[in-house]
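Please walk through this model with attention to its side-chain contacts, its covalent cross-links and its backbone geometry. The paragraphs below take these topics in turn.

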Amino acid sequence: MKCRKLMLGALSGALMLSGGAVQAKTLIFCSEGSPEGFDPALYTSGTTFDASSRHIYNKLVEFERGTTKIGPALAESWSISKDGKEYTFKLRKGVKFHTTAFFKPTRDFNADDVVFSFTRQLKKDSPWHKYTAGTSWEYFNGMSMPKLLKDVSKVDDYTVKFTLTRPEAPMIANLGMDFASIMSKEYADKLDKAGNKKDLNQKPIGTGPFKFQAYQKDAVIRYQAHETYWAGKAPIDNLVFAITTDAAVRHQRLKAGECHFNPYPNPADLAAIKKDPALKLPQQEGLNVGYLAYNTTVAPFNNVKVRKALNMAINKQAILDAVFQGAGKAAKNPIPPTIWSYNNAIKDDPYDPAAAKKLLAEAGVKDLSMEIWAMPVQRPYNPNARRMAELLQADFGKIGVKVKIVSYEWGEYLKRSKAKDRKGAVLLGWTGDNGDPDNFLAVLLGCDAVGGANRAQWCNKEFDGLIQKAKVVSDSAARTKLYEQAQVVFKREAPWATIAHSVVFKAMRKEVTGYKIDPFGGHNFYGVDIK
Amino acid sequence: MLAFLLRRIGLLIPTFIGVTVASFGFIRLLPGDPVLLMAGERGLSPERHAALLKEFGFDRPLWVQYWDYLSGIFQGDLGFSLVTKNPVIDEFFTLFPATVELSICAMIFAVALGIPAGMFAAVKRGTAFDHTVMGTALIGYSMPIFWWGLLLIIFFSGILQWTPVSGRISLLYFFPDVTGFMTIDAVLSGQKGALRSALSHLILPTIVLGTIPLAVIARQTRSAMLEVLSEDYVRTARSKGLSALRVVGVHALRNALIPVITTIGLQVGVLLAGAILTETIFSWPGIGKWMVDSIFRRDYPSVQGGLLMIALIVMIVNLIVDLLYGLINPRIRHKEG
């Protein structure tokens, strides 16, 4: 059994999985869960995207690896009409779809594939709109695409036009998201003809850097490098997802050399990983924010002085130490510092219980009792909501505010916390989808989101005016200014106590090189090598 | 014997109906619904929420949904998973062989060690050996599976590096599923070392899953054996001058095994329940892990279908045990028949 130590070496060095490759390099990723399927547009979870869109497919535009910067991918260039309602994309030529044991493409990627990939989600009369039991295009719907997108049409084989119902500056960033993955129409037609549409979700064909080889349910997913990938073949030859749900077991597998990469190490194991000479632990600020949302429509939280007073009573450093165990950064704005337009000039509310008490008295509030809602689940932006709520309870207690901590089952929590007449302040957070400030500010704080994801029920005309304007302006400098102003309004009005942005850790073996942490929380192994 | 068989099968009908009600009701008693969980922090507008509930058929009265479920069962249709969109029955049978393989190994482990241990503890009653066996059995019975599994992984895989950490076979080996039983498929693949790798991956999960049944079987064997050893016919056999081995191994053991077989039958349910934790720890792609994932995702069809299938299997195994019991002990058959 001692020879098991050599397993990774053997795998990386001379694995014969790909049928006779002499020096095949295989990277093993101990993934945290099973994909729900392989058609990313049907799902919303990062685990599914890692297994599908991030390796098998491409989008028209994609984020540069490790950044929130969007750039060309299957579209080489694009132009936007003056009224901001028409986006014309020039497509890349010579892009090959995967050739696998179950499909051999006869043509290259073209406009038909783009039109197919979007109309199946947009048009209810598309034969692919309901292609498998319970199909619902949740991300597409969640990004309001059915309302925004009027049509997607082919101009010629290498030109497509997106027509919108209104100008939408974040449109390009939206098209870099996973639901916008481009599928092969030729493959879909073949499946349709064979009466086997559901295979689109089970045996995927894309243009991406890795092609799907096999999936043993809940155990292993195997991919091979796409030899004719338009951006160049990946340095590794094979990619294997070894599904390992328990974090402690993932850590043991990484240590034992059964895998190269652990996406979510336990905070308790971080010190041991740092010490281990065979492992490394890069880190990066996550594209997220954890917050406490007051209900700004219910007294006394409709008074900005009360909200400010509570914010000043919070000892964020203590929360970072106890809840994030050092893997977090105090948040002063509702967007993380990694997003463009982050307003660094803003000063955070100081931690000053005495001043907070005074402000509360000024607001005429005495003997305040309130509820703080603690999420029942662990999230990157809040690894332990219960503990956080207890610390807030102690902090607020110091200024004479009594706190009762409540919690519900996750689905119930999400539902009840949206109620307009909700009592108490809610702990929640958000991880960005597309790196656009609009994805935080409009989704979480816009007037349209009241009763939905806007848990503060906060509709401020000045703030909303700024973000609505920023949505339709295409000049990025002008947009930046508008968002910076919006953050000033947010800070002044304090609908939330912004608590923290988490730091993301990735544990991997020393021999893994070229990995860049994805700010969106995904895992992408194109460009990664094993030395 | 036929009447005995029919009576036993007849008893299964109300149990089966009870199981369908329980499996249908259980997941719906949990707060939250699959649509809300699907949307996550982003949330859904009330209209979209209602539309999706309607689409999945969850807006209909419960009795209509139950009737649909029940009529589906009789047509062999357990519905589609809300998550993977695959038929539940297909998902179940894809994963079931992994659980069966592990459970068989765990049962062999438990029986092979539990019966001799219990037997010798009874024969050497009151000695240090007896106390050690029974003390160990008690510890084994009370051990939290999750903790036990991690402990074994850290010790045998982490420190000693004798066994693999998790999975069913080394990722070096790649061959198609034929039977779903990794050991058999490894042999069929003809790849050198594949069987050895599959067996080495079975060691720790087998020990973890087999620990509780082992403890129960050892204790049960001991007490049954003690009872039988004090019977007149054993004393007679001894006084006739038969060897101790023959008295214990042939005369006493056969009768002592009757309650033990019932216990083994009941342990099938324990194994399937234990599989939930064991499979999670060892990344073992079986139905236990699948059930946990399905419950967390509120995948109603998968949970109710999976529970029904598991309950059916436990019922069938217990029926077989009942019949075996009748075969071994004619008095039962005659009394009830």
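This is a predicted model: local features need pLDDT of at least 70, side-chain atom pairs count only at pLDDT 80 or more; totals for chains, interfaces and linings use all residues.

Which side chains meet in a salt bridge at 2.7 Å, N to O? They are those of Arg492(A) and Glu462(A), where a salt bridge is defined as a side-chain nitrogen of Lys or Arg within 4 Å of a carboxyl oxygen of Asp or Glu. Arg492(A) belongs to helix H17 (residues 476–493) of chain A and Glu462(A) to helix H16 (residues 461–472) of chain A, so the contact ties together parts that are 30 residues apart in sequence; helices (H or I, at least four residues) and strands (E, at least two) are here DSSP runs, numbered from the N terminus. With a relative accessible area of 41%, Arg492(A) is partly exposed, and Glu462(A), with 42%, is partly exposed; buried means under 20% relative accessible area, exposed over 50%, and partly exposed in between (1.4 Å probe, protein chains only).

Residues are numbered from 1 along each chain as its sequence is written, chains are lettered from A and ligands numbered from 1 in the order in which they are written, and side-chain values use heavy atoms, with hydrogens and water left out.

Over all chains, a search of the whole structure finds 43 salt bridges. One of them is formed by Glu55(B) with Lys130(A), whose closest N and O atoms are 2.5 Å apart; this pair crosses between chains, from helix H3 (residues 46–56) of chain B, which holds Glu55(B), to the loop between H3 and H4 of chain A, which holds Lys130(A). Glu55(B) is partly exposed at a relative accessible area of 36%, and Lys130(A) is partly exposed at 47%. Another salt bridge joins Glu64(A) to Lys69(A), with 3.6 Å between the closest N and O atoms. In chain A there is also a network of salt bridges that links Lys308(A), Lys316(A), Asp348(A), Asp349(A) and Lys491(A).

The aromatic contacts come next. The whole structure contains 45 aromatic pairs over all chains, a pair being rings of Phe, Tyr and Trp (its six-membered ring) with centres within 6.5 Å, counted as stacked if the planes are under 30 degrees apart, as edge-to-face if over 60, and as tilted for the rest. The planes of Phe116(A) and Trp128(A) stand at 90° with the ring centres 5.7 Å apart, so this pair is edge-to-face. It links distant parts of the chain, twelve residues apart, with Phe116(A) in helix H3 (residues 111–122) of chain A and Trp128(A) in the loop between H3 and helix H4 (138–142) of chain A. Both Phe116(A) and Trp128(A) are buried. Trp128(A) has a further contact, since Lys197(A) lies over its face at 5.1 Å from the ring centre; a charge sits over a ring if NZ of Lys or CZ of Arg is within 6 Å of the ring centre and within 35 degrees of the ring normal. In chain B, the charged end of Arg28(B) sits over the ring of Phe24(B), 3.9 Å from its centre.

How many disulfides does a search of the whole structure find over all chains? There are two, a disulfide being a pair of cysteine sulfur atoms within 2.5 Å. Cys30(A) is joined to Cys259(A) with an S to S distance of 2.4 Å, and the angle of -105° about the S-S bond makes this link left-handed. Cys30(A) is buried at a relative accessible area of 0%, and Cys259(A) is buried at 0%. The other disulfide joins Cys447(A) to Cys459(A) at 2.0 Å, S to S, and its torsion about the S-S bond is about 95°, so it is right-handed.

Ala299(A) and Pro300(A) are joined by a cis peptide bond with omega of about 0°, and Pro300(A) is found in the loop between strand S14 (288–293) and helix H10 (304–313) of chain A. Asp218(A), although not a glycine, has a positive phi of about 60°, and it counts as buried at 2% relative accessibility. Asp367(A) has a positive phi near 50° and is exposed, with a relative accessible area of 73%.
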